[in-house]
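Please open the model in a viewer and keep the sequence alongside.

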Amino acid sequence: TGHEPRLIKEQYASSSGLFACDGHLLFSNVSSATLFNKRYENIFTAVIPGQLPLSTESRPTHLRTKAFLTIWGQLFADGRFEDYAWTVKVEVDTLFLPQVLRGLVSAKCERVACGPAY
């Protein structure tokens, strides 16, 4: 919606944000082909049917719980998260520096010894 497709394109082009991660999966209620006119087919997108009322401008967090549960359910069903040591949920318009988080996490534990962290 609104500014998010532009931010995704900019992050993809500069390999920043979620695209600086070892893997990514973008959740949307439309396909990446629809969002980006087939020009960004390497953006892995999981399509969640229906409306995703995720904007903090339009709905408070407690009203977005159903959408978050749907997305996490899709993430587990997809299974690719198991290929990585950790998983982070990131909003497109949030400054996310995976290299910083990677350094902090790796300093605290190794993949085998890591457990869930919230």
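Select Gln11 to begin; this residue lies in helix H1, residues 4–14 (helices are DSSP runs of H or I of at least four residues, strands are runs of E of at least two, and both are numbered from the N terminus). Gln11 counts as buried, because its relative accessibility is 13% (buried means under 20% relative accessible area, exposed over 50%, and partly exposed in between, with a 1.4 Å probe and protein chains only). Next, display the partners of Gln11: leaving aside neighbours within four places in sequence, this residue is in contact with Ser16, Gly17, Leu18, Phe19 and Val92 (contact means heavy atoms within 4.5 Å).

A note on the source is needed here. The model is predicted, so that local features need pLDDT of at least 70 and side-chain atom pairs count only at pLDDT 80 or more, while totals for chains, interfaces and linings use all residues. Residues are numbered from 1 along each chain as its sequence is written, and side-chain values use heavy atoms, with hydrogens and water left out.

Move to Ser15, in the loop between H1 and strand E1 (26–28). Ser15 has a positive phi of about 50 degrees, although it is not a glycine. Most residues other than glycine have a negative phi. With a relative accessible area of 48%, Ser15 is partly exposed.

Now turn to the aromatic rings. How many aromatic pairs does a search of the whole structure find? The search finds two (rings of Phe, Tyr and Trp, the last by its six-membered ring, pair if their centres lie within 6.5 Å; planes under 30 degrees apart count as stacked, over 60 as edge-to-face and the rest as tilted). Select Tyr12 and Phe19, which form an edge-to-face pair at 5.3 Å centre to centre, with 85 degrees between the planes. Tyr12 is partly exposed at 26% relative accessibility, whereas Phe19 is buried at 12%. Then select Phe76 and Phe81, an edge-to-face pair with 4.8 Å between the centres and 65 degrees between the planes. Phe76 counts as exposed, because its relative accessibility is 52%.

Arg80 lies over the face of Phe44, at 5.4 Å from the ring centre (a charge sits over a ring if NZ of Lys or CZ of Arg is within 6 Å of the ring centre and within 35 degrees of the ring normal).

The next stop is Arg39, in the loop between helix H2 (32–36) and strand E2 (45–47). Arg39 is exposed, at 66% relative accessibility.

Continue to Leu97, in the loop between helix H3 (65–78) and helix H4 (98–108). Leu97 is partly exposed, with a relative accessible area of 39%.

Finally, show the whole chain. There are four helices and two strands, and along the sequence they follow the pattern α-β-α-β-α-α. Of the 118 residues, 25% count as buried. Among contacts between residues at least 6 apart in sequence, 40% join residues at least 24 apart.
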